Amino acid sequence: MGGWAIAVHGGAGVDPNLPPHRQEEAKKLLTRCLNLGISALRSNHSAIDVVEQVVSELETDPLFNSGRGSALAANGTVEMEASIMDGNGRRCGAVSGLTTVKNPVSLARLVMDKSPHSYLAFSGAEDFARQQGVELVENEYFITEENVGMLKLAKEANTIVFDYRIPAVGSDTCSAVAESPFQMNGLPISVYAPETVGCVVVDSQGRCAAATSTGGLMNKMNGRIGDSPLIGAGTYACNLCGVSCTGEGEAIIRGTLAREVAAVMEYKGLGLQEAVDFVIKERLDEGFAGLIAVSNKGDVACGFNTTGMFRGCATEDGFMEVNIWE
């Protein structure tokens, strides 16, 4: 075994004009979460516990699009989703359509550990949350003033807004609603920066785990489910690796992106970074996405075909890096 390794992400497809102070805020949050995970790994916490802890921390901070700070659906409310997977036995849990659960990733963990199922959604997931006694809040807790303003811009432009963080509310123009060549399922969309969050970990025992959480797309249709809660698409872990994806959900779903990384490692004999590069190049068609991954050997890798991806990683030998751009 090559020791533990951890990677985190805060979304792929960063606006190239992202103000410097926004970049620093993102780097500080990713660094804080990395250090949280590093401390847990040094204390011999299991991979599955660490990914839950790190993603829960990301959900609590309003900077990225998960938990508090989630994107708003067309009706102005938040519908969150998350998944978690333990490569040790390929156990998994996922949730969608959450409106009151403070930390969706922890409810996904409970679905895995405390229910006979792998996936619960909408009212059934909310009922299960109440049964399990998890912390619940009003939907307003998740709604930020900034996102209310960006939803208004999205409705005025009659578009799904991906890059909903730039510019600040009150600006007269917005890159998010500008003309764009990008498409989703053949329909034009705006420039995108979906700030989904995720974490992948391999612990000192070589056990891999992954977790992903998101609020989805700004101005999305109510009831839309993306890749983040779909095992094999947005999240996957097995005895070889752990993977968390971010980006154009529909493209990630079509390419079963997370599972593909494990598949080409297993069937083509590729190393981790080779597998990530292959999948980003060959399995996205015309879609845009990024992913982070770890292997049971202690390797860590990332890949994306967007302008940037909020990401950070660290390994037991002392390597640590936090980046946004190529």
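Leu107, Leu110, Val111 and Lys114 in H3 meet Ala125, Phe128, Ala129 and Gln132 in H4. Contact here means heavy atoms within 4.5 Å. This is a predicted model, with local features needing pLDDT of at least 70 and side-chain atom pairs pLDDT 80 or more, while totals for chains, interfaces and linings use all residues. Residues are numbered from 1 along each chain as its sequence is written, and side-chain values use heavy atoms, leaving out hydrogens and water.

Back to H3 and H4. Nonpolar covers Ala, Val, Leu, Ile, Met, Phe, Trp, Tyr, Cys and Pro; charged is Asp, Glu, Lys and Arg; the others, Gly among them, are polar. Helices are DSSP runs (H or I, at least four residues), numbered from the N terminus.

Now the geometry. The axes of H3 and helix H4 (residues 122-132) come within 11 Å and cross at roughly 80°. Axes are lines fitted to C-alpha atoms over the stretch in contact, and angles run from 0 to 180 degrees between N-to-C directions. So H3 is roughly perpendicular to H4, a term for 65 to 115 degrees.

How does H2 pack on H3? Helix H2 (residues 47-60) and helix H3 (residues 104-114) meet at about 150°, axes 8 Å apart. H2 and H3 are therefore roughly antiparallel, the word for angles over 145 degrees. On the H2 side, the contact includes Ile48, Asp49 and Glu52; on the H3 side, Pro104, Arg109 and Met112 are among them. By class, that contact has 5 nonpolar, 2 polar and 4 charged residues.

Next, salt bridges: a side-chain nitrogen of Lys or Arg within 4 Å of a carboxyl oxygen of Asp or Glu. The count comes to 14. In one, the side chains of Glu57 and Arg32 meet at 3.1 Å, N to O. Glu57 lies in H2 and Arg32 in helix H1 (residues 20-42), so the pair ties together parts 25 residues apart in sequence.

Technical notes
Helix = DSSP H or I, 4+ residues; strand = E, 2+ residues; numbered from the N terminus. Parallel < 35°, antiparallel > 145°, perpendicular 65-115°, else oblique.
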